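User: I would like to go through this model by question and answer. Please state the terms as they come up.

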Amino acid sequence: MKEIGHLYLCWRKGQGERRYIVGVLKKNATEGVRFEYLKDGVEAAKKEGFAPYPEFPDLNKRYSENVVEIFGQRIIKSERSDIQDFLDFWEVERKYKDDKFYLLAHTQGLSPTDNFEFLADYNRIKSLKFSTDLAGLSVLKLPAGELQKGDILSYELDKRNKYDLHAVKVYNGNTFVGYIKKIHSRVFYKKGTGRFILTVKAVEQNGTIKRVFIRVAINN
């Protein structure tokens, strides 16, 4: 899994609200997967009503037991009949389909029952590809039909953004359509050959565009 660095736990009050990076999962061969909260992110999130992840209640503890097993409960069950479609959507390589750390990174561990998600700090390697959803859509209120599955989007680094030092703006032609999510955007600033190709994978819309999933891949 050369493409995945640390995995960050993100929380927000609700759809369209600001994201806070409240924790980090680190993995190595000797210690396995460890989890700890990030003080600055937690303190900022508390003002919005943040509460710790239920199975990890101590904000000052470094957890090292059953971390990936507990968080891995968020992952779709492999017995489902649509599992291959799910894996393909999230750009999951078949050889890692049973690796819970990898699956959390690629699927974001999204759940309809809470406001947590997992954002991978990807490394810029030639084979990198992942799916993500655009940020900022609740503010932009793009009209339905502005984006379609298969659209190729462009991007530019937004180095003056005071909210995210690694902000990346995304465009459909000349129309600004959102940002790459926090943490996911970091890979765009890392050194490496080739530009990224952004392709629309799915659009949720009802009057306005509610959510857009895109495929990010390096054009070698």
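Analyst: Buried means under 20% relative accessible area, exposed means over 50%, and partly exposed lies in between (1.4 Å probe, protein chains only). Helices (H or I, at least four residues) and strands (E, at least two) are DSSP runs, numbered from the N terminus. The model is predicted: local features need pLDDT of at least 70, side-chain atom pairs count only at pLDDT 80 or more, and totals for chains, interfaces and linings use all residues. Residues are numbered from 1 along each chain as its sequence is written, and side-chain values use heavy atoms, with hydrogens and water left out.

User: How many helices and strands does the protein chain have, and what is its radius of gyration?

Analyst: The chain has 5 helices and 10 strands. The radius of gyration is taken over C-alpha atoms, and the globule rule is 2.2 Å times the number of residues to the power 0.38. For 220 residues a compact globule would have a value near 17 Å, and the protein chain agrees with this at 17 Å.

User: How many of the residues of helix 4 are buried?

Analyst: Helix 4 covers residues 100–107. Phe-101, Tyr-102, Leu-103, Leu-104, Ala-105, His-106 and Thr-107 are its buried residues.

User: Which residue caps the N-terminal end of helix 4?

Analyst: The cap involves the backbone nitrogen of Phe-101, with a side-chain oxygen 3.1 Å away. The residue that supplies this oxygen is Asp-99.

User: Which residue just after helix 4 takes a positive phi?

Analyst: The phi in question is about 70°. This residue also joins its side chain to that of Asp-133 by a polar contact of 3.4 Å (a pair of N or O atoms within 3.5 Å; within protein, one must be able to donate a hydrogen and the other to accept it, and residues adjacent in sequence count only if both atoms are side-chain atoms). It is Gln-108.

User: Is Asp-133 buried or exposed?

Analyst: Asp-133 lies in strand 5 (residues 129–133). Not counting residues up to four places away in sequence, Asp-133 touches Arg-19, Gln-108, Lys-181, Arg-211, Val-212 and Phe-213, where contact means heavy atoms within 4.5 Å. With a relative accessible area of 2%, Asp-133 is buried.

User: Which residue has a side chain joined to that of Asp-133 by a polar contact of 2.8 Å?

Analyst: Two side-chain partners of Asp-133 can be named here. One of them is Gln-108, at 3.4 Å. The partner at 2.8 Å is Lys-181.

User: What are the edge strands of the open sheet of 6 strands?

Analyst: The strand order is 5-10-9-6-7-8, with antiparallel pairing; two strands pair if DSSP finds at least two bridges between them. An edge strand pairs on one side only, which gives strand 5 and strand 8 (175–179).

User: What is the bridge partner of Ser-154 in strand 7?

Analyst: Strand 6 (residues 152–157) and strand 7 (residues 168–172) pair in the antiparallel sense over 4 bridges. The partner of Ser-154 in strand 7 is Tyr-171.

User: Is Asn-66 buried, partly exposed or exposed?

Analyst: Asn-66 sits in the loop between helix 1 (39–46) and helix 2 (67–71). Its phi is positive, about 60°, although Asn-66 is not a glycine. At a relative accessible area of 48%, Asn-66 is partly exposed.

User: Is Lys-141 buried or exposed?

Analyst: Lys-141 is in the loop between helix 5 (137–140) and strand 6. Lys-141 has a positive phi near 50° and is a residue other than glycine. At 56% relative accessibility, Lys-141 counts as exposed.
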